[in-house]
Structures are given as C-alpha cells and as structure tokens.
Amino acid sequence: MVSSFRVSELQVLLGFAGRNKSGRKHDLLMRALHLLKSGCSPAVQIKIRELYRRRYPRTLEGLSDLSTIKSSVFNLDGSSSPVEPDLAVAGIHALPSTSVTPHSPSSPVGSVLLQDTKPTFEMQQPSPPIPPVHPDVQLKNLPFYDVLDVLIKPTSLVQSSIQRFQEKFFIFALTPQQVREICISRDFLPGGRRDYTVQVQLRLCLAETSCPQEDNYPNSLCIKVNGKLFPLPGYAPPPKNGIEQKRPGRPLNITSLVRLSSAVPNQISISWASEIGKNYSMSVYLVRQLTSAMLLQRLKMKGIRNPDHSRALIKEKLTADPDSEIATTSLRVSLMCPLGKMRLTIPCRAVTCTHLQCFDAALYLQMNEKKPTWICPVCDKKAAYESLILDGLFMEILNDCSDVDEIKFQEDGTWCPMRPKKEAMKVSSQPCTKIESSSVLSKPCSVTVANETSKKKVDVIDLTIESSSDEEEDPPAKRKCIFMSETQSSPTKGYFEFYEGPFEYNSTRCLELRHEILEVKVLSMVKQSELFDRWKSLQMCRWAMNISEANQFKSTLSRCCNAPSFLFTTQKNTPLGTKLKYEVDTSGIYHINQEVFRMFPKDMPYYRSQFKKCAVVGNGGILKNSRCGKEINSADFVFRCNLPPISEKYTMDVGVKTDVVTVNPSIITERFHKLEKWRRPFYRVLQVYENASVLLPAFYNTRNTDVSIRVKYVLDDFESPQAVYYFHPQYLVNVSRYWLSLGVRAKRISTGLILATAALELCEEVHLFGFWAFPMNPSGLYITHHYYDNVKPRPGFHAMPSEIFNFLHLHSRGILRVHTGTCNCC
C-alpha cells in the first residue's frame, strides 16, 4: 500500500510521523517502510489509510487491519521494484493474482516476501477477466519479411497489479543454427553500424482473435533488450489538434541488442500503461528481410493475367445501360505511372480495384519498401501485395506502342493510341516512283511533318545506290526521309565529328581499347598515368552512339529521376500550398504561396528526347586552346554552368551559344552582394548569354531561396525576356542517390553532373566539353583548374575525379561523348 504512494504522499506521511521528509523517493519509501516495521501508532495507521483512500477511493473498503498493509508492502525488502514483476520463459509465465496472499520463499519469481502470521483479506474490488496466456492471435503477414522461426509465440501482456504502469519480462534463447544464420547475414554499414538480413523481430498488437491484427503499440511503451533501452519509432503527427500523438505500428528489429550466442539467453522487458478495455500481446520471430526486387520477382512468378480478362472488363464498363440516357462509348487510359509520372514498364493493379488504370509494379514495391502503406495510387484503396496482378493486356499495349503515353479503349475491347497534336505526323500517301537507268535506281519520297508551331514540307531527296544493292524501304513516319548516295555512305560530318581515327567504333582494336577502360571498375584500381594512356589510345577510334546501351541507360534515368517532369519546379509538379522540402535542410519546409507559385512555369518547357544533339559545357582547363567553340555553337541545345565567361577572349575555345545557364547563389552573394545593391551589373552579366534561361538551386537549402527569387525580380524590373527556373529539390536528391549507387561519393555532386544527367533524358545525343578533373591533360601536360582561372574548389565538397571516371565509362559504352582534345572545324 505504502509502495504505491507518490513523493508528495510519502512526505505527508513522514511529516505526520515526525520523520525526515527530504530526499529522493527511494529514501522516503525506505523510511516509511522502516516506520511500519518498527511499529507505529494507530494515528499513523489511520493516516496511511486516509492517504491510500484518496488515491484509490474504492480499494481499501475491505481492509480493517494493518497486518494486511504489512503483508502487501513488505515484499519490497527482497526486490528493488515496488511491483512484483511477472517472468515469462520462452513465452510461458505465471498467471497474475488479484488477491494479496503470502508467497513461499521458494517462489520461482525470485521476490522475497516477508511473512505475517495474521490472516489476510481479499480486496472487495471485482477482478477483471484474466486473458489467456497464449491468445489465438494472428498477425498480418508482412510482405517484406519471411518468417523462419517463432521464438516467442503470441503472449498476453497481462496486468499484474492495480497500478497504471505495468512491466513484464520475457526470455528466449537462440539455437546454434539460428545464430549462424544471423551472423552470416550481417553487413557492415558506414559509421560502424551493422545491418542484418536475418533479424530477430518483436511485434506487438491488440489481443483480438476476430481477424488478423496489425502492429499496434500500447501507450507509454518502453522496451529493454538485455538491459539496454530499445529506441522506438518516432511519433506520427496527430491528424487534428488536441488529439494525442500515436506511434505508427510497425515490427521492431531488435537484432542489434540480442546476444548472438546459443549458450546465453536473451531477456526482453516491456513496460506500458494499462488501458481500460484493451489487452495487448507480444511475439518474437526470426525473419528474413526481402527487397522490392525479390518481391517483384515473386510477383512475376505468379504469372500474368490473361489479356481477355481485361478485355471483358472493358466491355462490361462500356456496355450501355438501357435505363441511362448517357452512354459511355470509349475509355481513355494513361500509360504513365501515377507514382513516378513516367511510362509504365511493369503494369500492375490489385484485383480488388475496379479501375483499368495500372501503376508500375517496381515503383509501387519500392515505395512500400520505404514506407509500407499498401494503398493504390489510383483509387486510394487498400492494395495488398497478395492482391497484386500483372495485366497482360497492358503488357501487349506497351510492347506494341512505344511512342504514346495515352490510349483509348473502344466498346468491343480494342484500343487505339492517343497522340498529342505536336507529335501528329502526316505521311504522303503518294507512291514512290522508280526511275531505272543503266546504273542508277532513283526513288523520290516526300514526307510532310505537321507541328503545332509550324508546318514545313521536306524537300524530295533522291537516293542513288548501286543497281545490285537491295532497295531501301520507306522510312518510318516519324523520321525525315533522308537518303544519300554510295559516295556518302560513310558517316557524314555532323555537329561533333572530330577525332576521326583510323579505327571504326566496332572494330576489333576499338573493342579491346574500350574494354581496357571498362575493366577498371574503381578509379583506385589503376595509376592516373595508366588511365591517361588508355584514354589516349581510345581517341584513335571513331566514336559512335550505341543505341541499345544508350536507350537502356536513359530508361534507368527515366525511372529514377525523370527530368522531363521534375527537372524544374513547375506549377504541375508543385501545386499551390505545397510544403516543399529542401534538398539538404530536410527539416526545413518552404510553403509555396501565391507569389512564388506564379514564378513557376505551368509545365516543363522541354520534353523527352526533344533535341537531336546537346552540348554540356563544363569550365575545366581542358577547354583552353581546344578550339571547340564552333562545335559547341553548332549543337541544337547548349548547357553552361555557373555564369562562365564567354567573351571574345574565350569564344574560339568555348563558343557563345547558350540555352540554359546555371547560377550558383554563392556567386550572387559574393560578387553581387545578394542583389541588394549590385542589380544592374548582375543584369549586364546575364545579357551576355542573350535569351538563355537562368537555372538556380533555390531549394537546395534555406539560404538559397531568397537570393534565387531576387533573380526573378531583377529580370522583371529590367523587362528581360530571359526565363528563370528553379531546380526541383526532389530531382536533385534522386540524381545524387543514383550516382551514389555508381560510386560517386561526395557531399554534393557537381552542377555539371546534374546537367549531363538531365541532358541524357532531354537529348538524343549528348557531348561533354570541359569535363576533366585532373591537374594534367591526357598527354601529361599541366593545365589550369578552369579555362579562365586556376582557383581550386573547396576540398572534399565534390568528387570530380569519380564523376569524370564515370563519364569515361559512359563514353566507352557509347552512351555519351567526352571531348578532351583539340576540335576540328564543322
């Protein structure tokens, strides 16, 4: 009874008895117990009852003697805890008792209770029904975990006293085989942390047997494993003000605190606050963690749903209702995934969904791997992993139609592509006439291309070939009809045709030289001089794009980054009122208000593979005396980084054409005093780039935002036609993660790498100029850091050598071209 007193009540009791009432609760409690053991006056006994009755008004009605108080209090002499804990071994524990009875000294709990010869009385308070020790509770299956073994089967967290806060202990031991499996799966992470694929998993849920239960935590939960506190997940934000915060229920991986030995058992201590009408259970499992790729493979092994099933569903949806005045005759469906805003690759939906729209299975599983919600992104209803199916009809459509993003279903289950107006093509239906002569076969063709902005007719071009050669087929409708004679059959001079060596791209010698570059998986594998020699030798080969490699790489970028949708912050991808997270200061949030929202373009101004050839111009010293200006100017689209000088002094090497130029806010801060004073000089600098769009990382961190927004105000004040765009922070995060997976480990990737990544999605062919991170060029001659100065960057901020190393690999694979030598004229 006295053991349940709070500090204030103990102080009142000791003060009433004339004892010292200062000190910690433990000291006060010991003094109060000593007072009872040494005998106390009836007045003190009455005071104890009065204090206890105040705290528990209906508990003490049946107690009439202090002997009951002694027998219920003196159990503290042999235990440091005021409440006798239950002990469960491998999930088996003693049933709790609601009566105050003496225990024998040989009690398995280990608590020593002082005996009293006087009789004890049961409390009059009715005892609640005792839940079963092992309730028949079923937990919901977790798709990302395979259960290997049950270490503690579902066990009730039984209330063992009338106090609010309860505590319970559990013990389990691992077998040698289980210990071996856990140790084999161990992986060391940066910072000395360890991760395990095979895990010891603790799960808590309501003790309900009516249906499979989700993970659910009791209030005021505290878990200790082998005496060490286990950190619980953070609180989820409350849905409304005034509602108590609740921890999100999820399984707990306690492997890091478990003793990986079969000789020593493990102890789990769980304390919680009891709730009226709620009982909880706990269980411990040995599980194997799965990845989204493994689940995707299992989903594929389930098979693809027959296309006829989807066709029947389409017919059912489009069947006219005789009682309705409105009939639906067609149904438009997008081939873009609502999650990643990119083209579907593995169309999927849940059998419980009534819609036809699919989402990408890979993206859906990746999303749930990070945060398992299992909600359909189309209809916002539950879409559990077990209910997912791959749609065979959409598989056929994606394979048959690769150039559209939307289709229309007809009443009979057939479909047709919906092409945007800007891509509409009109091919001349006039047959090509053959004009034969003794040595020439001529085939004139004409193709008319319709565009939103302009409609131009392509001139007729004759194709002259040997009479013995096979006749050329008509060109595809989307491409211009361009033919050339046999004398022009070798690759013609294009935008960037220089470094023409004696070897063809796919010749045996060039394959060997490319392999020498690609076999270097890590930059540290070879000396710098050896890497230079290999790269120099590769310049003897004529570079050509590897279409299949390039398309595969661009497809990967499309899935992870999606520049045509998320390179810039737009009104479409960032609606009004969005709470935009910064790229670096992830705790900071910028609320998109009406003023800033108007600054964003309605949609991305560029689309996928819009430009034939693009040049991304870095600022490396490798550009000095390169004479690459004409090649750069001849590109369809030119990216430049961080306001580089392009005055007449540098024109021959770097050109002048600019379509997008990035501006680092630190340049504005240092050179133009945050645009608080130096506005006109900044405007004049931008005028050098004529009508080029200005691109800034406004949402990289909180310091960049105000400075970047001022750029828009400055250009508006001077009525400049130049557009101002801002990188979308999520795009920058995705690009950084992608290159991190390829070994680029840096505090921040360079602007050049970001632009090159975006160019690979926006352009058919990408050429890099001025990208070199070494103090010497491939010939071994020292060069300056930039083509305009030799100022070194802050050490450790970028990983430029690693970035250039990846570019050399992409060059060797035929994905993009890196220029490091002297250019020839166009």
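Modeller: Gladly! A disulfide here is a pair of cysteine sulfur atoms within 2.5 Å. Numbering the bonded cysteines in sequence order, the pairing is 1-2, 3-5, 4-6. This is a predicted model, where local features need pLDDT of at least 70, side-chain atom pairs count only at pLDDT 80 or more, and totals for chains, interfaces and linings use all residues. Residues are numbered from 1 along each chain as its sequence is written, and side-chain values use heavy atoms, leaving out hydrogens and water.

Colleague: What makes C510 and C541 a disulfide?

Modeller: Their S to S distance is 2.0 Å, and the cut-off is within 2.5 Å, so the pair qualifies. The torsion about the S-S bond is about -110°, so this disulfide is left-handed.

Colleague: Why is C614 called buried?

Modeller: Buried means under 20% relative accessible area (exposed is over 50%, partly exposed in between, with a 1.4 Å probe and protein chains only). C614 has 0%, so C614 is buried. Its partner C763 also counts as buried, at 0%.

Colleague: And how do you know that C628 is joined to C823?

Modeller: The S to S distance of C628 and C823 is 1.8 Å. With 75° about the S-S bond, the link is right-handed. C628 is buried at 2%, and C823 is buried at 6%.

Colleague: What is the relative accessibility of C401, and is this cysteine buried or exposed?

Modeller: C401 has 5%, so C401 counts as buried. C401 is in no disulfide; the nearest cysteine sulfur, that of C416, is 9.6 Å away.
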